[in-house]
Amino acid sequence: MILLKGLPGSPYTRKMLSLLRYRRLPYRYLHARHGETRGLPQPKVNLIPVFYFQDDDGKFEAHIDSTHILRRLENEHAGRSVIPDSPVLRFLDYLLEDYADEWLTKAMFHYRWHFEADAEMAARILPYWGDITAPDKSLAEASKQFGQRQIDRLYVVGSNATTAPIIEASYKRFLRLFTRHLERHPFLMGKRPGASDFAVFGQLTQLAQFDPTSSGIALQQAPRVYSWVSLTEDLSGLEPEPQHWFPDADVPQTLLALLEEIGRTYVPVMLANAAAFQAGESKVECLVDDKPWRQKTFPYQAHCVDWIRAEYDALDSTARSTIDAMFAGTGCEALLIN
């Protein structure tokens, strides 16, 4: 029985819950701060979801990185895999998962805490998910403190007056591009979901279906995407087949168009952040769409670049050539240069 702790307002919690349902893995979902995790260890970094795995002595260890946990579950539980068989598609899936986890989350955090109506709703509702029976007075105080703390943390993901137009334009482009893809294909990786589908789903549970401003945009401009989120909540009834993955030679143009968006926004920020981290600098400055981007250096995202390059380096020469051809002119090719 897999144990995890999370909250409905966490995109990564929703990512992993949907994954567990699709893979039909037995789990116990423990609501954060409800006392259900008493006696379990705390992770080194206080983030959610937290998965609890037992070591050889039967003691629980806390783990928080959804990307690595997803692959651990692949290694420990056979069947209904979310990792494509093809090395080429597997690499594309890995990149798209990271794009969702590390770029779309900027839009999620930005829309939630940048706009007054969104911040007010999140600050009001999220404390209830921590303790539904708490007194109104305690919830009101928690709402005030939590909301202010999150607004003060906008700088962490790079949301500020300079970057706001870039983030908002990128979110709207993503909705348009994903809509075009969904017109012909039910998932990013074909007729069955890959890891990237669950990562995108997690962010969109908040962007498209919770936060007022971003969900209003989705309802107006991308009802197909809004509906896809609802459908992806529970895919346990889907029966995947090996042929349901895209063939390498038939990756659709709609997926390649997403690579252009990734190369336009995510790549320059990730590379600038990695360079700043290596140089020991505390701030990142670069251009995105010929507009200035400024944010605090984020060490974890510097490691993400290293992991993507390691995935690419592990490909054989044929797969690398295929990826190189797909990436040419998209801006993503710069990500692969060590």
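**Ground rules**

I worked on a predicted model, where local features need pLDDT of at least 70, side-chain atom pairs count only at pLDDT 80 or more, and totals for chains, interfaces and linings use all residues. I numbered residues from 1 along each chain as its sequence is written, and side-chain values use heavy atoms, with hydrogens and water left out.

**Entry 1: salt bridges**

I searched the whole structure and got twelve salt bridges. I took a salt bridge as a side-chain nitrogen of Lys or Arg within 4 Å of a carboxyl oxygen of Asp or Glu.

I looked up Arg14. Its salt-bridge partner is Glu233, with the closest N and O atoms 3.1 Å apart. Arg14 lies in helix α1 (residues 11-23), and Glu233 sits in the loop between α10 (223-232) and α11 (253-279), so this pair ties together parts 219 residues apart in sequence. I read helices (H or I, at least four residues) as DSSP runs, numbered from the N terminus.

Next I checked burial. I used under 20% relative accessible area for buried, over 50% for exposed, and partly exposed in between (1.4 Å probe, protein chains only). Arg14 has 17% relative accessibility and counts as buried. Glu233 has 23% and is partly exposed.

**Entry 2: helix α2**

I moved on to Arg71. Arg71 forms a salt bridge with Glu97, and the closest N and O atoms are 2.8 Å apart. Arg71 is in helix α2 (residues 66-76) and Glu97 in helix α3 (residues 87-114), so the pair ties together parts 26 residues apart in sequence. Glu97 is buried, at 1% relative accessibility.

Then I looked at Arg72. The side chain of Arg72 meets that of Glu76 in a salt bridge, at 2.8 Å from N to O. Both residues lie in helix α2, four residues apart, about one turn of the helix. Arg72 is partly exposed at 26%. Glu76 is also partly exposed, at 44%.

I also noted a network. Lys15, Arg71, Glu97 and Asp101 are joined by salt bridges that share partners.

**Entry 3: aromatic pairs**

I paired rings of Phe, Tyr and Trp (its six-membered ring) when their centres lie within 6.5 Å; planes under 30 degrees apart count as stacked, over 60 as edge-to-face, and the rest as tilted. The count came to 13 aromatic pairs.

One of them is Phe51 with Phe53, which is stacked, at 6.1 Å centre to centre and 25° between the planes. Phe51 is buried at 0% relative accessibility. Phe53 is buried too, at 8%.

I then opened the pair of Trp129 and Phe210. This one is tilted, at 5.5 Å centre to centre and 45° between the planes. It links distant parts of the chain: Trp129 is in helix α4 (residues 116-130), while Phe210 is in the loop between α8 (195-207) and α9 (212-221), 81 residues away. Trp129 is partly exposed at 25%. Phe210 is buried at 14%.

I found one aromatic cluster formed by Tyr99, Phe174, Phe178, Trp228 and Tyr266.

**Entry 4: charges over rings**

I counted a charge over a ring if NZ of Lys or CZ of Arg is within 6 Å of the ring centre and within 35 degrees of the ring normal. Arg72 lies over the face of Phe53, at 4.0 Å from the ring centre. Arg80 lies over the face of Tyr22, at 4.6 Å from the ring centre.

Methods
Helix = DSSP H or I, 4+ residues; strand = E, 2+ residues; numbered from the N terminus.
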